[in-house]
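User: I am new to this structure and would like to know what stands behind the terms used for it. Please set each value against its cut-off and then conclude.

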Amino acid sequence: MKAPISFEKEAQMPLIPLSVEDIRWNKTGSWRYMRPRYEDKTPPCNAACPVGVDIVGMMNLVARGELERASRLLRQENPLAGVCGRACFHPCESQCNRREFDEAVAINLVERFVADYGMGGITVKPKRKTGKKVAVVGSGPAGLSCAYFLAVMGHEVVIYEALPVPGGILRVGIPPYRLPKDVVEREIKAIEGIGVKIETNCRVGEDITLEDLRKRYDALFLSPGVHKAKDLGLAGEDSEGVLSALEFLKRVNMGEEVSLGERVLVIGGGNAAIDAARSALRLGAKEVRMVCLESRDEMPAFREEVEEAEEEGILIENGWGPRRFLTRRGRVSGVEFVRCLSVFDAEGRFSPSFDETKKHRVEAEGVIVAIGEEADPSLKEVMRGISWQGDAISVSPTGATSLEGVFAGGDIASPLHNIAQAIGSGKRGAVAIDCHLRGEEAREVLKRIRVGGDGAVSMIKYLHPEERERSPYVVTFSDLNPQYFEYAERVRKIKLLPFERKEGFEEVVFGIAEEMAMREAGRCFSCGVCNECGNCYLFCPDISVLRDKGRIARKIDYDYCKGCGICFVECPRYALTLEVEER
Amino acid sequence: MKKVLTGNQAVAYGVSLARVEVISAYPITPQTTIVEYLAELCADGVLEARFITVESEHSAMASLIGASAAGARTFTATSSHGLALMHEMLHWASGARLPIVMVNVNRALGPPWNIWSDQIDSLSQRDTGWIQLYCENNQEVLDTIIQAYRIAEEVSLPVMVVLDAFFLSHTSEPVEIPEERDVERFLPPYRPKFKLDVKDPHSFYLMTPPEYFQEYRYKIQKAMERAKEVIKEVDALYASNFGRGYGVIEPYLCEDAELILITTGTVTSTSREVIRAMREEGRAVGLLKIKMFRPFPSEELKEALGGVRKVAVIDRNLSPGVGGIFAQEIRAALSEDGAPPRLFGFVTGLGGRDITPELISQAIRYSLEREEPEGRVLWLGMRGEKEVIL
């Protein structure tokens, strides 16, 4: 530190007032009463993802063209990313903050691109072997996910699958025009690639007992799925030409020849009904008609699927409830419906009311009943000792069943039946089993590693605590500084033309090219997550934003930061926090 | 090489020859084509300068202040309301001692809305610490821009080169364009006396307390005083290199004149004809053109007007409540003399109205016929009036 300079006369003074010594002695940090700090927060997409995928992390990498890293990051949270990139209902997009600016980022399409990058060959290296053995029952999305992460954690895992092929609903439920078989097979192969063994044609209760498994393994994960179709309970429902959607889709997807005649009627308005109707069309039916209780807006099927079905020529009739099956010589010939006045009661419960006087007859050679599915009742016998809650296995918040060392997930343990939820429950199961095997309290661990505090399990948080932390606060649009964002059109989905789709089971939706994926990923606001845009650095009037080689790329020099808060205000994405300085 | 150029084209040629490195400007009639020509020259790579587009004249000047402080040779052009919007930054540029060169195309300020020639825009900026040089024709415009950089860089003050809207900006005249290598010899690359440099970091323009502030203003006044000599030297050097010089003031047929008419800008050319014709008629009248308005050529005027009985000033501007601004300044300069000449202050040509030879003759006759003016502000060429009115 030097003494202040003083000039005796004008002639000694420089042409302009300028500093001649540095003023680092003046630690302006002492003026501060507000304190900024770098703090990543939880993006809403991440919080909404039932799988817990680090979407923003992936988007930032894709935008920079670091596709291999993006793919690895995705696989760290989701071994079935190619499946989800096609068949997930993407709740992430409906929470995307960009919706309040122009349109949500097309996360689903980017995920598909990243998952397909390198033909799914990019995997995660498992940890050192622990010597512990875990059995998984059922190779659907929950079982595969649980097995994969247990293998990543170093455990030996065997999946027992009743069917001759692995994949569960992914393989025998979802038609290949939505989810091609090779995508499922590729991802299963990658899971096997890190050491997971899959025993097909092995049904628990027939080929092996639960007790045997409990004896031979250190822990069990039950994810058998729900495979019994609900029936209407109407006369004639068992006649020839009537099939459940579950059965129909399974037979079609297993490669069996199924013919339901020229006119096919599908009863139901959910996704399985749509899948069945569109599959029937592809098998050569001349006229496919869907009839359901719900009005168009109440239909549980995804809007996009409904639109695609209609584009293909499927007729949809809303507001009719089936009353009886019409038969001719033991074979179904049609169904008689009555007008449905309302589907739900005042409390929103399913309680349809009808006008029995308004009748409607639909003639058909084949009828598919698609009104939902439930757990196979024989499971309750097979899985003796396990508590049930109605139709589902009763589980604790960690996924533990009433039997020591036995955990459950997937459709069997949840009222929500979807792929993402199943994968998420598999992750939860893997963490709970890992804790169980190490004698740790899973409940506390899970609390720490859930996205946004109560979202899905983050395997990065669990397995890589050294990675950048994110506070559980979920960023909203009003937290952002949209001055820094430009309007940019969302990538458009490209699909097969309707007439092309009917010719077979070819995938309807096309993938996007690398440039499109990069551009789309560039639309991501990176809500709450520093992506090193450098705005804080540019704006800091005190040169107090410094580069950091640590986990967060920048740090604040508190010796000089006056706490003006410009960095906080100008951060486009709320990756800084400004707090009152405690003195 | 001789070319037929508009005043605005002459500006662009001058800027190109001066090898300007950073340009920032915002378009405004009648300056717009200057911006267009320069933007084209930059885009085509003819001029290796960075063209910074901005959202206002204030920002244009602000960006040049940054660029100039970083050691770049800079240029901008504006007019009228644009110059007014720049006002704050004009003080900044001179206080920061940056040799920025700007062209201002003289235009009236509204309302009433008007895009034509009037000197009020640049004269309103007389106290901002900028050197102001007024041009009579397109050749002088080109030559003055080249000179302006040498002057500015020598005295560390910004220079405003001023030309009349349309009478010069949009009027084509033959202009001699000097050779690049000759201009390079006359105007070497800018070597800043100080600049922002990451290798030698300093804080510039710090808060300066009352103990020191006055000294910095003293420095600017001294620089302005020195500028007067530098402008003369640079002009003389330019004349010896290129054969054209202008002087800070230019007397025309002033010998033994009983009355001297004082003008600026394009009115001078018209007045030359009128004075020549009157001399031929045997009248003892002369003409004096003022090119340099800041620093004000008080001594030069006193010397040139010594012994003259009458002075008539034509002002294409009005400072309401005072009258013509040139008349006011000349009056102040001459008042130091024991027996100052009688000053007839004419205001005319506002908002682009033509100042015809007839009007000029009328002003001269009025001044010759009277011992003293009937008022301090003599309105010439008023609508429907055949004579001067008060």
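User: In which kind of crossing, left-handed or right-handed, does H12(A) pass H13(A)?

Analyst: The model is a predicted one. In it, the crossing in which H12(A) passes H13(A) is left-handed.

User: What makes H12(A) and H13(A) roughly parallel to each other?

Analyst: The axes of helix H12 (residues 271-282) and helix H13 (residues 303-311) of chain A cross at roughly 25° and come within 10 Å. Angles under 35 degrees count as roughly parallel. H12(A) and H13(A) are therefore called roughly parallel to each other.

User: Which residues make that contact, and how do they divide into nonpolar, polar and charged?

Analyst: From H12(A) come A:Asn271, A:Ile274, A:Ala277 and A:Arg278, and from H13(A) come A:Glu305, A:Val306 and A:Ala309. The residues of this contact of H12(A) with H13(A) divide into 4 nonpolar, 1 polar and 2 charged.

User: Why is H2(A) called roughly perpendicular to H6(A)?

Analyst: Helix H2 (residues 55-63) and helix H6 (residues 107-116) of chain A pack at an angle of about 65°, and their axes are 11 Å apart. Roughly perpendicular covers 65 to 115 degrees. That angle makes H2(A) roughly perpendicular to H6(A). The crossing in which H2(A) passes H6(A) is left-handed.

User: Which residues of H2(A) and H6(A) meet, and how do they divide?

Analyst: On H2(A) they are A:Ile55, A:Met58, A:Met59 and A:Val62, which meet A:Ile107, A:Val110 and A:Val114 of H6(A). The residues of the contact of H2(A) with H6(A) divide into 7 nonpolar, no polar and no charged.

User: Why is A:Arg178 called partly exposed?

Analyst: A residue is buried at 20 or more other C-beta atoms within 10 Å, exposed at 12 or fewer, and partly exposed in between. A:Arg178 has 19 other C-beta atoms within 10 Å, so A:Arg178 is partly exposed. The residue sits in the loop between helix H8 (169-172) and helix H9 (181-193) of chain A.

User: What does A:Arg178 touch, leaving out residues up to four places away in sequence?

Analyst: A:Arg178 touches A:Arg86, A:Ala87 and A:Val508. A:Val508 is 330 residues from A:Arg178 in sequence, while their C-alpha atoms are 6.5 Å apart in space.

User: Is B:Arg97 buried or exposed, and how do you know?

Analyst: The cut-off for buried is 20 or more other C-beta atoms within 10 Å. B:Arg97 has 24, so B:Arg97 is buried. Phi of B:Arg97 is near 60°, a positive value in a residue other than glycine. B:Arg97 lies in the loop between H4 and strand E5 (101-106) of chain B.

User: Is B:Asp256 buried or exposed, and what is the count behind that?

Analyst: With 9 of them, B:Asp256 is exposed. B:Asp256 is not a glycine, yet its phi is positive, about 55°. Its place is the loop between strand E9 (249-252) and strand E10 (259-263) of chain B.

User: How do you know that the span of helix H3 of chain B is close to the expected one?

Analyst: Helix H3 (residues 57-69) of chain B has 13 residues, and the expected span at 1.5 Å a residue is 18 Å. From the first C-alpha to the last, H3(B) reaches 18 Å, which is close to that value. H3(B) is followed by B:Gly71, which has a positive phi near 100°.

User: Which residues of H3(B) are buried, and what covers them?

Analyst: The buried residues of H3(B) include B:Glu57, B:Ala60, B:Met61 and B:Leu64. Among the elements of chain B that cover the buried residues are strand E2 (22-25), strand E3 (50-53), strand E4 (74-78) and helix H4 (80-95).

Conventions:
Residues numbered from 1 in each chain as written. Chains lettered and ligands numbered in written order. Predicted model: local features only at pLDDT ≥ 70, side-chain atom pairs only at ≥ 80, totals over all residues. Helix = DSSP H or I, 4+ residues; strand = E, 2+ residues; numbered from the N terminus. Expected span 1.5 Å × (residues − 1). Contact = placed C-beta atoms within 7 Å. Axes fitted to C-alpha atoms, helices over the stretch in contact; angles between N-to-C directions. Parallel < 35°, antiparallel > 145°, perpendicular 65-115°, else oblique. Left-handed = near helix turned anticlockwise from the far one by under 90°. Nonpolar A, V, L, I, M, F, W, Y, C, P; charged D, E, K, R; others polar.
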